[in-house]
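Visitor: I would like to go through this model term by term. Please set each value against its cut-off.

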Amino acid sequence: MMLIRHTGANIVWAVFPLFLVDVLHLNVLEIGIINAFNPFVQFFVMQRIDRYGSLTLIIAGLLGSIATFVLFVLAWDFWSMFAIQILLGFSWATLYVGSLKFITEENPETGTAGGWFNSVTSLSSIIGPIAGGFLAAVSYYLTFTVAAVSAVVALAVYLVALRRFQGEREARIPRASA
């Protein structure tokens with residue numbers, strides 16, 4: 001799930017500043033503000049979401065990612081793109097924290113699981129920009145569309161894997177005899 005979603009996101013991030021200049025005609029200061037605001041939102045959201053369950057956080061993060069990438073297509077100026085950064089920061093914060101909560105709660109080898117998680121996000125940071133360059137050569141909007149579709153596919157993969165995981169967990173837990 002994370003490889004699919006984060007590859008889609010990295011498709012966008014590879015060409016995002018170019019989109020902001022070429023299409024929205026933003027200046028360097030506006031691009032800097034937009035790029036700084038997203039992690040600022042993430043920081044504040046991450047401070048407050050630990051009390052929610054990993055399932056809720058992951059699904060919220062994936063749904064927010066879908067909405068973010070669709071809204072990027074509709075952005076028309078600095079202020080619209082700035083507003084979308086709130087959703088983007090919320091989406092990544094919930095997805096990231098939810099994923100970390102899940103792997104630490106469900107895996108006895110938390111260090112190994114965390115290492116795999118970081119490896120997957122790093123791999124997507126390689127695949128995404130390569131794909132993003134090719135897609136942006138066709139259209140910047142294609143990068144947003146592919147990222148949104150990637151987030152939809154990631155959500156579907158997560159829900160199928162979650163159902164399978166819960167079925168396997170129930171099969172391992174012995175039932176009390178009547």
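This is a predicted model: local features need pLDDT of at least 70, side-chain atom pairs count only at pLDDT 80 or more; totals for chains, interfaces and linings use all residues.

Visitor: What makes up the secondary structure of the protein?

Guide: The protein has seven helices and zero strands, in the order α-α-α-α-α-α-α. Helices are DSSP runs of H or I with at least four residues, strands are E runs of at least two, and both are numbered from the N terminus.

Visitor: Why is Q42 called buried?

Guide: Buried means under 20% relative accessible area, exposed over 50%, and partly exposed in between (1.4 Å probe, protein chains only). Q42 has 15%, so Q42 is buried. Q42 lies in helix α3 and touches G89, W92 and A93, leaving out residues up to four places away in sequence. Contact here means heavy atoms within 4.5 Å.

Visitor: What makes D50 exposed?

Guide: The relative accessibility of D50 is 51%, which is over 50%, so D50 counts as exposed. D50 sits in the loop between α3 and α4. Its C-alpha atom is 8.2 Å from that of G98, 48 residues apart along the chain.

Visitor: Why is V70 called partly exposed?

Guide: V70 has a relative accessible area of 40%, between the limits of 20% and 50%, so V70 is partly exposed. V70 belongs to helix α4. In sequence V70 and Y141 are 71 residues apart, and their C-alpha atoms are 9.4 Å apart in space.

Visitor: Which residues of α4 are buried, and what share of the protein counts as buried?

Guide: The buried residues of α4 include L57, I58, L62, I66, F69 and F72. Of the 178 residues of the protein, 42% count as buried. In α6, the buried residues include A113, F117, T121, G128 and L135.

Visitor: What makes a set of residues a nonpolar core?

Guide: A nonpolar core is a set of buried Ala, Val, Leu, Ile, Met, Phe, Trp, Tyr and Cys residues joined through side-chain atoms within 4.5 Å. The largest one has 30 residues, and F16, L20, F72 and M81 have the most contacts inside it. Helices α1, α2, α3, α4, α5 and α7 each supply at least two residues of this core, and α5 gives the largest share, seven residues. A second, separate core of 15 residues includes L95, I103, L155 and L162.

Visitor: Which residues is F16 in contact with?

Guide: Apart from neighbours within four places in sequence, F16 is in contact with I34, N35, F72, M81, Q85 and F144.

Note on methods: Residues are numbered from 1 along each chain as its sequence is written. Side-chain values use heavy atoms; hydrogens and water are left out.
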